[in-house]
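Dear colleague,

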Amino acid sequence: MNWRYVASAATGLAECLLIAGLIFGWPSISFALHSLHYFCFPPPNSASSSVSLNSSISISQTTFTSSQSQTTFTLFPSPSSSSSSIYFQTTSPFLSLPTFSTSSFASPAPSTCPDQDRSLSLAFSIATFAMSFSTLPCGWLLDTYGTWVARAVALVLYCGGAALIACSSPGVSELVYPGTIGIAVGGIMMLITNFQVANLFPRYRATFITAYNGAFDSSASMAVIIKFLWQAGIPLQICFAAISLAFPLLAIRSLILLPRHHIPLPAPPRYRYGLSLLFFKHDLHEEAEEGQAQAPLETQQAPSPTGSGEASLWTCIRSRLFLSHFVWLSILQCRHYLYISTLNPWLSTLSAGDMDKISWYTTLFAIIQSCAWFCAPWNGRLIDLHRQRLLKGRKDVQFAGLGSTIPSLGLTTLLGIAFAGVAAIPKIQAQGLAFCLQVMSRAFLYGGNAAFIAIAFPSAHFGKLFGLMMSASAIPLLLQLPLVSVSQEHPHMVNGVTFALCLLTLIHPVVVDRHYRKLSNSHANSHADEDIFECKSHDV
């Protein structure tokens with residue numbers, strides 16, 4: 001086996017697993033930012049904070065005033081304790097509650113930072129919206145200018161976003177917004193450019209695509225490593241600075257192990273790419289022509305929504321399958337992103353603000369997220385096995401692919417509904433099961449989305465339809481903005497509404513099943529008419 005093929009596949013999987021999907025580990029990063037008092041701005045005229053320090057001596061009520069710092073210290077005995085207490089009451093912003101915190105994991109009081117959780121959730125919501133909405137321009141950039149140009153933009157966005165977070169601090173918390181957007185958009189562009197590596201392995205193309213999707217979801221494991229390093233005493237800024245310094249390694253991989261333009265499907269024998277283009281131009285030209293000659297065989301496998309092998313892009317977009325799939329993906333995706341963005345406030349509500357429990361559950365969430373790479377390929381395997389069963393003894397083989405997606409869509413829908421239901425249970429112990437269902441549901445959702453578009457529509461439109469689907473599904477993500485605000489005060493109501501919406505996704509597998517049966521029956525009737533006509537002609 002060609003060493004370059006193996007190296008491209010292995011490094012692409014490592015890139016998706018370790019770097020590209022870092023944004024999905026937001027609960028772990030958000031926990032660190034929350035403890036560091038990011039987005040914590042006490043209003044200047046608000047009631048001052050107080051800290052109680054127990055003392056073994058009695059001190060009569062006395063007041064001291066310092067004219068230089070404009071700070072007032074009021075000392076009086078505590079009415080609720082036999083021992084005396086000293087209360088420091090100050091209007092100076094430099095002597096607020098965070099200054100007296102003795103633990104790096106202590107959280108400021110909700111009254112001190114009323115908008116902190118909302119701001120942190122908003123950062124994730126904006127980043128995920130930008131990530132989904134950018135897939136269409138990312139796909140256009142890749143198709144028009146090639147892999148190297150798209151990778152250059154991806155690396156600048158990703159490493160630049162990490163550098164912005166490295167430069168942030170509680171005083172300049174606003175840098176987290178562009179930083180998370182850069183990490184999210186740059187990460188999804190890395191995933192899209194890595195999809196073409198699957199063309200080097202035609203027999204296992206679907207397996208590689210779903211594996212890359214699963215690895216992308218599992219990047220949350222890197223966030224928990226960052227959290228552990230921060231808890232060990234390494235500043236959060238140093239961790240993100242190290243990520244931004246990975247730019248040279250990622251650039252070298254792009255030049256050596258990825259093509260300048262695109263990997264053809266199927267890849268011709270002795271196919272060379274990367275910097276070898278500069279040394280094997282003649283051979284590459286011949287092999288590219290050979291690959292182009294074989295490619296049309298691959299592009300005619302999927303029928304159009306109308307049952308014919310050819311269809312315009314507009315016909316596919318207007319079809320019932322595309323619109324139904326759009327609603328299905330939008331609802332389930334919105335539920336997943338809303339859960340991740342509000343996980344820390346939800347855990348805080350369920351644990352009554354116990355920071356030890358919140359830290360433990362956010363770590364558990366990130367560890368379970370790392371299993372997505374294992375769950376995702378099973379969805380593709382389910383589709384392949386069902387397709388083989390449908391092909392046995394059937395004449396409508398061109399529709400077997402569409403029929404094979406029905407069990408996958410049904411299982412993904414049930415997993416999404418189960419996740420939404422368990423996540424709404426107001427018990428912190430139930431969130432462990434919700435974590436498992438969430439990672440399984442999301443792994444099946446994105447792998448199944450790519451597989452369905454590739455199977456249900458002509459492959460000639462795959463890139464445009466995939467980008468349009470992901471970009472359009474980002475528009476409903478704007479609902480996160482009001483939902484995040486409402487969930488701060490009414491989390492149970494939001495969970496109930498989103499669960500009811502997830503129940504509506506059961507319609508999509510039914511729509512696909514009815515469409516498949518309609519095409520199959522129409523195909524069978526047309527063949528029956530042809531057989532009758534042939535029999536009559538033979539009798540004559």
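F457 is buried, at 1% relative accessibility (buried means under 20% relative accessible area, exposed over 50%, partly exposed in between, with a 1.4 Å probe and protein chains only). F322 is likewise buried, at 5%. This is a predicted model, in which local features need pLDDT of at least 70 and side-chain atom pairs count only at pLDDT 80 or more, while totals for chains, interfaces and linings use all residues. Residues are numbered from 1 along each chain as its sequence is written, and side-chain values use heavy atoms, with hydrogens and water left out.

The model has 21 aromatic pairs (rings of Phe, Tyr and Trp, the last by its six-membered ring, pair if their centres lie within 6.5 Å; planes under 30 degrees apart count as stacked, over 60 as edge-to-face and the rest as tilted). Y5 and Y273 are stacked, with 6.3 Å centre to centre and 20° between the planes. Y5 belongs to helix α1 (residues 3–20) and Y273 to the loop between α10 (247–257) and α11 (281–299), so this pair ties together parts 268 residues apart in sequence (helices are DSSP runs of H or I, at least four residues, numbered from the N terminus). Both Y5 and Y273 are buried.

F322 and F457 pair edge-to-face, at 6.0 Å centre to centre and 75° between the planes. Ring pairs also join Y339, W360, Y361, F365, F419 and F435 into a cluster.

Finally, R442 lies over the face of F24, 4.2 Å from the ring centre (NZ of Lys or CZ of Arg must be within 6 Å of the ring centre and within 35 degrees of the ring normal). K227 lies over the face of F31, at 4.7 Å.

Yours sincerely

Technical notes. Helices (H or I, at least four residues) and strands (E, at least two) are DSSP runs, numbered from the N terminus.
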